[in-house]
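Trainee: I would like to learn how to read a structure like this one, feature by feature. Could we go slowly and take each term as it comes up?

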Amino acid sequence: MWERPYASGMTDDALLMGPDHRGAALDEQPPLLEHVWATSFPELSRQVSPVRPPKPQLLVLNEDVARGLDLDPAFLRSASGVQFLTGASPGTDAAAVAQVYAGHQWGVFQPILGDGRAALLGERRGRDGRLHDVHLKGIGPTSMSRVDGFAALGPMLRELLMGEAMHALGVPTTRALAVVGTGAPRAHGGQVLPGAVLARTATSHVRFGSFEYARAQDDQALLRRIADHVIARHYPHAADAEHPYRAFLSEIVDAVAALTADWMRTGFVHGVLSTDNVLVSAETIDYGPCAFVDEYDPRASFSSLDTSGRYAYERQPSIMRWNLGRLGHALAPLLADDPVVGATVADELVDTFDARYRVRWAAVFRAKLGLHDQVDALLTATLAEDALRLLAAHRVDFTGFWRDLAAAADGDERPVRGRFLGAVAELDAWLARWSTLAPDPARIRRSNPLYIARNHVVEEVLQAATEGDLGPFERLLDLLRDPYTEREGREYERFTWPAPEGAPRHQTFCGT
């Protein structure tokens, strides 16, 4: 069982510090954090006392994120560092807060949701000069918990893995700083699983639902304060516009259009795009029910809860547009003196999403096709859409097809043809049209990964990690951090293969 603060000091330094301890002093003070959100929005912050794990052990440390936040990896490996990463440092109890927000879940408005098993420790100014949230997940119940507030090891490792994969693919994302085993098992779904805490970073955790909460409270002053906070932190150019809040919404629409196009180019299915899972910073967050498409199916949906396909691959653009509509209506009082007029303005701004998304989509698929920027957007879109129809009709691996175009551009069409059974006249015609545009094989290789987080491989390495072997997880993580570079050796080939034929349909779960 989890415990509250120890009666006496730590008892097993080797376990607390984990296998990578480098001898940092145990009495080092935790890093200094700012507390901008908690002090600026006390009405949206509820104090949390993270439950202290009985036997914390650092399992994975993301040194790239640590250095970006100007945090010493050696300190984070120490006993004091592990305390910091679990929220158990002295003074943490007074600083950690659960954020309050609302949201539309499965299309139904929930007036209050909020962090149920997470806490914002504070903000840390990174080497880029920007503030970054330091956020913990799996720290125990908060006043908004719907379950016990704890987390299992597998899903926390999954979030770290997927965040790093997305970052390497060039997709805006939250990123994990570390995963710490708690030493406390967690019962879930009839299983007893190892417990863990995830330390996550983001440029902020302000969600569409944060604005929906303020609007539902009919608190225009709070709505304005949140908007001013987000403008200053994420969209400073909007402050100089003639209508700052209109410019603010317009910039979010554009950022979300770009993010959605990135999901589509990588074959990524988020899985639960409710407005409480969408950040105004346009960073991908919450990797519980997500997955990458193997055999291309525009209706691909992996979440056990999504029986209607509401958040399927092909529906992601329309659902993000719908989510922007909810944000726009929440912001309506700031867009005009009359909220009814403000709602009309919001609708007009959100209506620009479709055109912006198509421009972004055409640009990323132009790169996937290896075409030069001067190639007409309409011609690009037609070629890409025809290719996707071919992939769907013949159940072709999404990632492999685009990568094989590089060999075809070099004159060897055998790899891409090998993905189709027998002679395919439609493929012949498509390749003929595409090749006349002089596709650049180098651009194709730069734009199409060889390695993605294949669902069956992810489950395999997470199972091994749950059983105590982190080696397979670490090898996959290393591969996904450089997804465009081909590794030599037959042992890497399996990471490019889709799930074996006859394998059960991949399914993901929320709240695990």
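Mentor: Let us begin with a term for how covered a residue is: buried means under 20% relative accessible area, exposed means over 50%, and partly exposed lies in between, with a 1.4 Å probe and protein chains only. Please keep in mind that this is a predicted model, in which local features need pLDDT of at least 70 and side-chain atom pairs count only at pLDDT 80 or more, while totals for chains, interfaces and linings use all residues. Residues are numbered from 1 along each chain as its sequence is written, and side-chain values use heavy atoms, with hydrogens and water left out.

Trainee: Are Asp286 and Lys137 buried or exposed?

Mentor: Both Asp286 and Lys137 are buried.

Trainee: How should I read the strand numbers, and how many residues of strand 7 are buried?

Mentor: Helices (H or I, at least four residues) and strands (E, at least two) are DSSP runs, numbered from the N terminus. Strand 7 covers residues 131-137, and seven of its seven residues are buried.

Trainee: Which strands does strand 7 pair with, and in what direction do they run?

Mentor: Two strands pair if DSSP finds at least two bridges between them. Strand 6, residues 118-125, is joined to strand 7 by seven bridges, and these two run antiparallel. Along this pairing, Ala118 stands opposite Lys137, and Ala119 stands opposite Leu136. Strand 9, residues 191-202, also runs antiparallel to strand 7 and is joined to it by five bridges; here Asp133 has Ala202 as its bridge partner.

Trainee: Why can strand 6 be called largely enclosed by the rest of the structure?

Mentor: Strand 6 is described that way because seven of its eight residues are buried.

Trainee: What should I look for in backbone angles, and where is phi positive in the hairpin of strand 6 and strand 7?

Mentor: As a general idea, most residues other than glycine have a negative phi. In the hairpin, which has five residues between the strands, Gly129 takes a positive phi near 85°. Asp218 is found in the loop between helix 8 (208-216) and helix 9 (220-234), and it counts as exposed at 70% relative accessibility. Asp286 is placed in the loop between strand 10 (268-269) and strand 11 (291-292), and it counts as buried at 13% relative accessibility.

Trainee: How do I read a salt bridge, and how many does the structure hold?

Mentor: Side chains of opposite charge can pair when their charged atoms come close. A salt bridge here is a side-chain nitrogen of Lys or Arg within 4 Å of a carboxyl oxygen of Asp or Glu, and the structure holds 37 of them. One of these joins Arg225 to Glu43, with the closest N and O atoms 2.8 Å apart. That pair links distant parts of the chain, since Arg225 lies in helix 9 and Glu43 in the loop between helix 2 (36-40) and strand 1 (45-47), 182 residues apart. Arg225 is partly exposed at 33% relative accessible area, and Glu43 is partly exposed at 34%.

Trainee: Which residue forms a salt bridge with Asp286?

Mentor: Lys137 does, the closest N and O atoms being 3.9 Å apart. This pair, too, links distant parts of the chain, with Asp286 in the loop between strand 10 and strand 11 and Lys137 in strand 7, 149 residues apart.

Trainee: What does the salt bridge between Arg481 and Glu164 tie together?

Mentor: The closest N and O atoms of Arg481 and Glu164 are 3.3 Å apart. Arg481 lies in the segment after helix 20 (471-480) and Glu164 in helix 7 (residues 153-168), so the pair ties together parts that are 317 residues apart in sequence. Arg481 is partly exposed, at 38% relative accessible area, whereas Glu164 is buried, at 3%. Salt bridges that share partners also join Asp115, Lys137, Glu159, Arg200, Arg207 and Asp286 into one network.
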